[in-house]
Amino acid sequence: MTSFINVKNISKSFKDQKVLKKISFSVEEGSITGLLGPNGSGKTTMIRLLNGVILPTDGEIVVGGFDPNKNGDEIRKISGIVTESTSLYHEMSAYDNLMFFSELYGVKDDSRIDYLLEQFEMTEHKDKLVGTFSTGMKKRVALAKALLHRPKILFLDEPTNGLDPEGIQMVIGYLKKINKDENITILICTHVLHQLETICDHYLFIQNGMLLESGNRRELEEKYLGEIDLVVETNLIPSGEVYHNFPYKRIDESHLSFRLNSKKDVPSLLRLILKESDVFSSAFANRDLETLYFAIRGEQNE
Ligand SMILES: Nc1ncnc2c1ncn2[C@@H]1O[C@H](COP(=O)(O)OP(=O)(O)OP(=O)(O)O)[C@@H](O)[C@H]1O
């Protein structure tokens, strides 16, 4: 795997406020990486540094082979960005907005606009004024705009803010698809963790301008979450408090919660149950991204 972004010992201060403190991380080419942290932890500042919009106080950054400190323009040519404000002209149609930015970015091929409108399911709305669009529709046009020049990296700052659950799922679906279709590296910043549950390959957790932890889901779960509670919907009626070495608790008449040492125990437990009764469903309890985040925070702040 090749790194697309390399950040080494980056610090950033605004006057005497230290916003980022010696942060180091890398982002693999083609990955979807989540930069997660509470409000004010420095996520937007990090994106602005990666884009060369602001300069670091100390440290080194390389994005797609370029140093944003020296080659900000080169980085902006290979990057797309969507911030909270969609930066579209409300008094222009979706198509005219995309045509305007296409010309601004020097994109020669107009078919890219049609392709992106179709990808984001906006073709039927292309001639309507952006000002009349819902937040979700504006977000979809903003994503199309960010992708006009076929960037290699997409920076998304709170991309799902203001969207309803359906809108969030749509945006996440589009992002997964473009990541796959165009092999584009995506860095998503957010403080709303559960929205990234199914999309990221890699996570960077920041707090108070410092990198608390990084890794993929499996590595982080193994490190911080330890034992697993697996809730099984079954008609099994075991006796005692332990079923074949697996301690369990009854939740209600059809659900049992088993304590396992690791995910590797899941198949053997389910096979044992299936030998004598039925399994209708099974799901991990307390293994969502938020639980992981609080476990990391708890341990790192001790
Ligand atoms: N241009 C600036 N001048 C002075 N202070 C700034 C500037 N930009 C950011 N800050 C400060 O840096 C800190 C981190 O802000 P930043 O926007 O990077 O956080 P964030 O993690 O993106 O937060 P949020 O989730 O609320 O968007 C804040 O205290 C903010 O006030």
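Let's start with the sheet: in this predicted model, three strands line up in the order β2-β1-β4, forming an open sheet with antiparallel pairing. At the edges you'll find β2, residues 17-28, and β4, residues 58-63; each has a single partner strand, so one side of each is left without a neighbour in the sheet. On average, neighbouring strands here are turned by 15° against each other, if we ignore direction.

Now look at β1, residues 3-14. β1 pairs with β2 over 8 bridges, in the antiparallel sense.

Staying with α1, which covers residues 43-50: which of its residues are buried? They are K43, M46, I47, L49 and L50. These cover an arc of only 160° around the axis, which puts them on the same side of α1. As a reminder, an α-helix has 3.6 residues a turn, so residues three or four places apart point the same way. After α1 comes G52, with a positive phi near 75°.

α3, residues 94-104, packs with α5, residues 135-147, at an angle of about 25°, and their axes are 10 Å apart. Angles under 35 degrees count as roughly parallel, so that is what we call α3 and α5. Who makes the contact? From α3 it's A94, N97, L98 and F101, and from α5 it's V141, A144 and K145. The crossing of α3 past α5 is right-handed.

Conventions:
Residues numbered from 1 in each chain as written. Predicted model: local features only at pLDDT ≥ 70, side-chain atom pairs only at ≥ 80, totals over all residues. Buried ≥ 20, exposed ≤ 12 C-beta atoms within 10 Å, placed from the backbone. Helix = DSSP H or I, 4+ residues; strand = E, 2+ residues; numbered from the N terminus. Arc of directions from axis to C-beta. Pairing = 2+ DSSP bridges. Axes fitted to C-alpha atoms, helices over the stretch in contact; angles between N-to-C directions. Parallel < 35°, antiparallel > 145°, perpendicular 65-115°, else oblique. Left-handed = near helix turned anticlockwise from the far one by under 90°. Contact = placed C-beta atoms within 7 Å.
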